[in-house]
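Here's a quick tour of one model, taken piece by piece. Have a look at the structure first, then read on.

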Amino acid sequence: MAGIYLHVPFCKQACYYCDFHFSTNQKYVREMVEALCTELKLQKDYLQQDPISTIYFGGGTPSLLTGEQLKKLLDIIKANYVIAPSPEITLEANPDDLTAEKLEILYQTGVNRLSIGIQSFNPAVLNYLNRAHSQQQALKCFEDARKSGFDNISIDLIYAIPADNHENWHRDLDQALALQPEHISSYSLTIEPRTTFGTWLLKGNIPPIDEEFSAAQFEILLERLSHSGYEQYEVSNFCRPGYHSRHNSGYWKQEKYLGIGPSAHSYDGVNRRFNISHNPKYLKAIAHSEIPYEADILTNEDRINEYLLTTLRTKWGANLEKLKNEWSYDLLADQREYLDRLLTKSYAIIDGKHLKLTRSGLLLADKISSDLFKI
Ligand code: SF4
């Protein structure tokens, strides 16, 4: 099974924390959709006809596309790729784009999962982050999405906002849980260098993220979501039973995927490719039937380390037999002492063939993975 990711690199306005690839100049949206269609055709052999079980429109803001544009892209995929039965088709969307009419159209095109970038229900936080939507729009679009028939909705929430407090975070979680989404992705605010916040941090206009505050808010998140029946299946991702993101789980399990559009990544099971993160250069290359990418040839160590980094963040854990048989890394023998310490401190368990982190281990997932890296 494999997945297709389509990157729609346009946004109405720049959120101050965002370092994804996007442009606020929407002059080239139509041309970009044509280019995505062309790239889909040019890349049709990349996945070697593996059945496509997930399609993901990400960005940027794919909800800026019209229903006809989305349908056109899906039609090209259906005409050029083998589609598995009941594919998951996700669209990332911002609340200010999701009118009742637009939601009806999206549902008709075959989108069956929405990932709504709510981030917060608090007007002061939305303003601080420079989000384009209001609290009312977030609540209204969720209600309209349900009325249109969407029964698989994810919402995004951000925590650890400077100058915020635990009471407000509880209030945000109250609102989120009252909506009863099938899935919640929640990340700590991070300040990346190439963002507005990054510039402001350098100038001393905003404080750095307080790591202790962030950890305390993460604990609140874990507590509240587990009490409400959500399973933490990845460090930052939670779902009701059976509603994990099939697409993102494919990344974490190192399944193949094809990324279409500027800045999109692809993985063919052996190596990675990265499309250029520049809209005009991307459009120009595609107009000449060329795919503007850089290849990343992975070493055996790269594959092992990526595998540990992604799988140990998930509830499925790392398959010890796969590590040993495919990449000659016998974790049980080579890291015996370290593993014993993890097991003794209840940071991890060995469940059949898998090494899995416990809830307290997941808090240290990145550190534990890097300690186990093959170097
Ligand atoms: S809408 Fe999403 S992609 Fe666009 S700037 Fe905001 S966070 Fe980034």
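## Cysteines

Cys141 is buried, at a relative accessible area of 1% (buried means under 20%, exposed over 50%, partly exposed in between, using a 1.4 Å probe and protein chains only). Its closest cysteine sulfur sits in Cys15, 15 Å away, which is too far for a bond. Cys15 is buried too, with 13% relative accessible area. Searching the whole structure turns up 0 disulfides, a disulfide being a pair of cysteine sulfur atoms within 2.5 Å.

## What you're looking at

Bear in mind that this is a predicted model: local features need pLDDT of at least 70, side-chain atom pairs count only at pLDDT 80 or more, and totals for chains, interfaces and linings use all residues. Numbering starts from 1 along each chain as its sequence is written, and side-chain values use heavy atoms, with hydrogens and water left out.

## Around the ligand

Cys15 turns up again in the shell around the ligand, along with residues including Cys11, Cys18, Phe22, Asn94 and Arg131 (a heavy atom within 4 Å counts). That shell splits into 5 nonpolar, 4 polar and 1 charged.

## Two domains

Domain 1 covers 2-251 and domain 2 covers 300-372, with bounds from an automatic or database domain assignment. Their C-alpha centres are 29 Å apart. For the contact (heavy atoms within 4.5 Å), domain 1 supplies 13 residues and domain 2 supplies 8 residues.

How many salt bridges are there between domain 1 and domain 2? The count is 3, taking a side-chain nitrogen of Lys or Arg within 4 Å of a carboxyl oxygen of Asp or Glu.

Note on methods:
Ala, Val, Leu, Ile, Met, Phe, Trp, Tyr, Cys and Pro count as nonpolar, Asp, Glu, Lys and Arg as charged, and the others, Gly among them, as polar.
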